[in-house]
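Visitor: I would like a close look at one residue, and then at what surrounds the rest of the chain. Please start with the structure on screen.

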Amino acid sequence: MITRLLVANRGEIARRVFATCRAMGVQTVAVHSDADADAPFVAEADQAVRLPGDTPAETYLRVDLILAAARRSGADAVHPGYGFLAENADFAAAVTDAGLTWVGPPAKVIAAMGDKLAAKALLAEAGVPMLPSWTDADEVTDFPVLVKASAGGGGRGMRIVRDVAALAEAVASARREAAAAFGDGTVFIERYVERGRHVEVQIFGDTHGTVHVLGVRECSIQRRHQKIIEEAPGLVAAEVRERLHEAALAAGRAVDYVGAGTVEFLLTPDGAIYFLEMNTRLQVEHPVTELVTPGGLDLVRLQLLVAEGEPLSAQHHDPDTRGHAIEVRLCAEEPAQNWRPATGTLHRFHVPGVDREFRWIERAGLRLDSGVVDGSAVGVHYDSMLAKVIAWAPTRGEAVRALAGALARAELHGVATNRDLLVRVLRSPGFAAGEIDTGFLDRHPEVFAPLLPADRLPVTALAAALTGAVRRRADAPVLAGLPSGWRNVPAVPQITRFGGPDGEIGVRYRLDRTGRLAEWSVERDTDDRDTGASTVELVEATVDRAVLDVDGVRQAFRVHRVGSQVFVDGPDGAASLAELPRLPLPTVELAAGSLLAPLPGAVTRVHVEVGQRVAAGDPLLTLEAMKLEHPVLAPVDGVVAELPVPAGGQVRTGVVLAVIEEDHR
């Protein structure tokens, strides 16, 4: 029986496993890097062991350090979570060889499924349907195709190629990214299906030869081949569901599967199914499966029981589904910078209406599986996912609406996220109608628009300015007793300037002696001033809240200040503003055409030379961060004037990567 469990992972999945362990009476051990020393999962563990260093290679990928931590803490079992070493056969074998209980499938099963090429060959013999694939690029004649990493998943190393001219570079780029993410640059090429859907079957096996299926999940909403929205049950007909179950069972039985696993399939528009891969671990999206089980199945608890040798019971076999569950992956990403991973301090993290964290919910409501809390630091070393927000309701429509509403009202301050994109997708007519596939985002560019319309930013900035005036008045003891706006003689309007999402915005306002808003206007620059297009009356203003009557409709704005940063959450959406100083200090002026590093990372390749002429869109260099390659492209036609960072150089956010002198010919 497991008494003390070490989780060889971090963040949200470590907290998820700890929650089940507390309910079962199992003691917990966390391992953590220096960067994670103050993370919530470390504080929640019964014991924690430091892994010196910051990067995954120095810490969470070190088998020797993790085994030493298990010995030092007295752990008798290891749970790998997902990611890092979760699907590393050598790690599983090392845990077992050390006399510890491994919570997962045997090393030989992980090895068999970890090599996607070998897995395809093995499962094809078991009758699981396969797509045509190639290992030699010269043999490919039928396009489009998908280049895939053999040793990993999560969208790493994937490239869609539509013609032979682009194939060689796609293969080379995929190899580099796969090697960086998984330590293995092997890739293969597979037929790409247009308008295909990504569906998967949760399977579970025990050590007594039983393999069960636990239903189908829909995972077709993806960006860069990474899932961002998942739901259960899958949106498939009964006949397709039966074929998926049969194929998944065949895959599990072919390798004598033990523990939690997922068999992923591609569903074509005409209803054909093809094997994609088997993930030999618990999936990120497992909560949606848990929430649709009538009795509240806890998959982590089931993992621990199976690891202890308990047999699966009949109730674990394809349970009847209970309503509908849908999950979003809330990630730290910069929408304005092509969705690059974002870093910084999460000053506030609040999702309203959450019923449970990490656990099954009895009635319609929200579940939150999060790796962060207020004040959490989001660094460059790890995956960008902050949390999973999951809704359950009796019907799909109810679940979608509840989830969209909670996300729209969430307070996410300090780090840019993909929240607006998720809400737009959930509220889109096509998604509501179930008209989805892996190309959904490509066909619906409208979902990438921010929730806050541009014409509502002035009123949002006004709310920020008015609460700022209240704060300054409260901080001034001599004037605190006088109403804001009181003057002996007529006065000019006050002005507060902010850095906004589209540049500087100035808010001019004047309050009369009664504290009412006498006038207001906004200016985008020194030569362009607009009188407020909306008729606005000030109802109430405190240091952190403003209530405005906008064109006859009363609206409340929540305002949170951290230094000069002002975060405003209103009925139309959220805005992050930077209050600018009235008397700014001189700053260093960058050379025209400077391209700055959007986040910390390493320059892996430089594609051009100083003096070379480039066209807008040409690749200049490649920056690697958070296990992904980020191409830096020429913004205009011109000549490369400077390349201050060589290949292999490490950079911080804001460092000049290149300078392009624009060609005005």
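Take Asp551 first: is Asp551 buried, exposed or partly exposed, and what is its relative accessible area?

Guide: Asp551 is partly exposed, because its relative accessible area is 48%. The cut-offs are under 20% for buried and over 50% for exposed, with partly exposed in between (1.4 Å probe, protein chains only). The model is predicted, so local features need pLDDT of at least 70 and side-chain atom pairs pLDDT 80 or more, while totals for chains, interfaces and linings use all residues. Residues are numbered from 1 along each chain as its sequence is written, and side-chain values use heavy atoms, without hydrogens or water.

Back to Asp551. Its phi is positive, about 55 degrees, although the residue is not a glycine. It sits in the loop between strand S30 (545-550) and strand S31 (553-562). Helices (H or I, at least four residues) and strands (E, at least two) are DSSP runs, numbered from the N terminus.

Phe358 counts as buried, because its relative accessibility is 4%.

Next, the cis peptides. One joins Phe143 and Pro144, with omega at about 5 degrees. Pro144 is in the loop between strand S6 (133-134) and strand S7 (145-149). Another runs from Ala232 to Pro233, with omega near 0 degrees. Pro233 belongs to the loop between strand S12 (226-232) and helix H8 (238-254).

Now the strands. Strand S25 (residues 494-500) and S26 run antiparallel and are joined by seven bridges. Two strands pair if DSSP finds at least two bridges between them. The two strands make a hairpin, with two residues between them. Ile495 has Arg508 in S26 as its bridge partner. S25 also pairs with strand S33 (residues 573-579), antiparallel, over two bridges. There, Phe498 stands opposite Glu579 of S33.

Gly506 is in strand S26 (residues 503-511). It is buried, because its relative accessibility is 0%. Leaving out residues up to four places away in sequence, Gly506 touches Thr496, Arg497, Ser521, Val522 and Glu523; contact means heavy atoms within 4.5 Å. Asp34 lies 472 residues from Gly506 along the chain, with 42 Å between their C-alpha atoms.

Elsewhere, five strands make an open sheet with parallel pairing, in the order S3-S2-S1-S4-S5. Its edges are strand S3 (47-50) and strand S5 (101-102), each pairing on one side only. Strand S1 (residues 4-7) runs parallel to strand S4 (residues 77-79), and three bridges join them. Leu6 has Val78 in S4 as its bridge partner.

Leu6 and Val78 return in the largest nonpolar core, which has 54 residues. Such a core is a set of buried Ala, Val, Leu, Ile, Met, Phe, Trp, Tyr and Cys residues joined through side-chain atoms within 4.5 Å. Both are among the residues with the most contacts inside this core, along with Leu5, Phe41, Phe91 and Phe204. Elements that give it two or more residues include S1, S2, S4, helix H1 (11-24), helix H2 (40-44) and helix H10 (299-307). A second, separate core has 41 residues, including Ile228, Val328, Leu426 and Leu441.

Beyond neighbours within four places in sequence, its contacts include Val211, His212, Leu214, Ala260, Leu299, Leu302, Val306 and Leu312.

Last, the rings. The whole structure holds five aromatic pairs. Rings of Phe, Tyr and Trp (its six-membered ring) pair if their centres lie within 6.5 Å; planes under 30 degrees apart count as stacked, over 60 as edge-to-face and the rest as tilted. Tyr60 and Phe84 are stacked, with 5.0 Å between centres and 15 degrees between planes. They are 24 residues apart: Tyr60 in the loop between S3 and H3, Phe84 in the loop between S4 and H4. Tyr60 is buried at 0% relative accessible area, whereas Phe84 is partly exposed at 22%.

Tyr60 also pairs with Tyr382. Their centres are 5.7 Å apart and their planes at 75 degrees, so this pair is edge-to-face. Tyr382 lies in the loop between strand S22 (376-378) and strand S23 (385-393), so the pair ties together parts 322 residues apart in sequence. Tyr382 is buried, at 7% relative accessible area. Tyr60, Phe84 and Tyr382 form one aromatic cluster.
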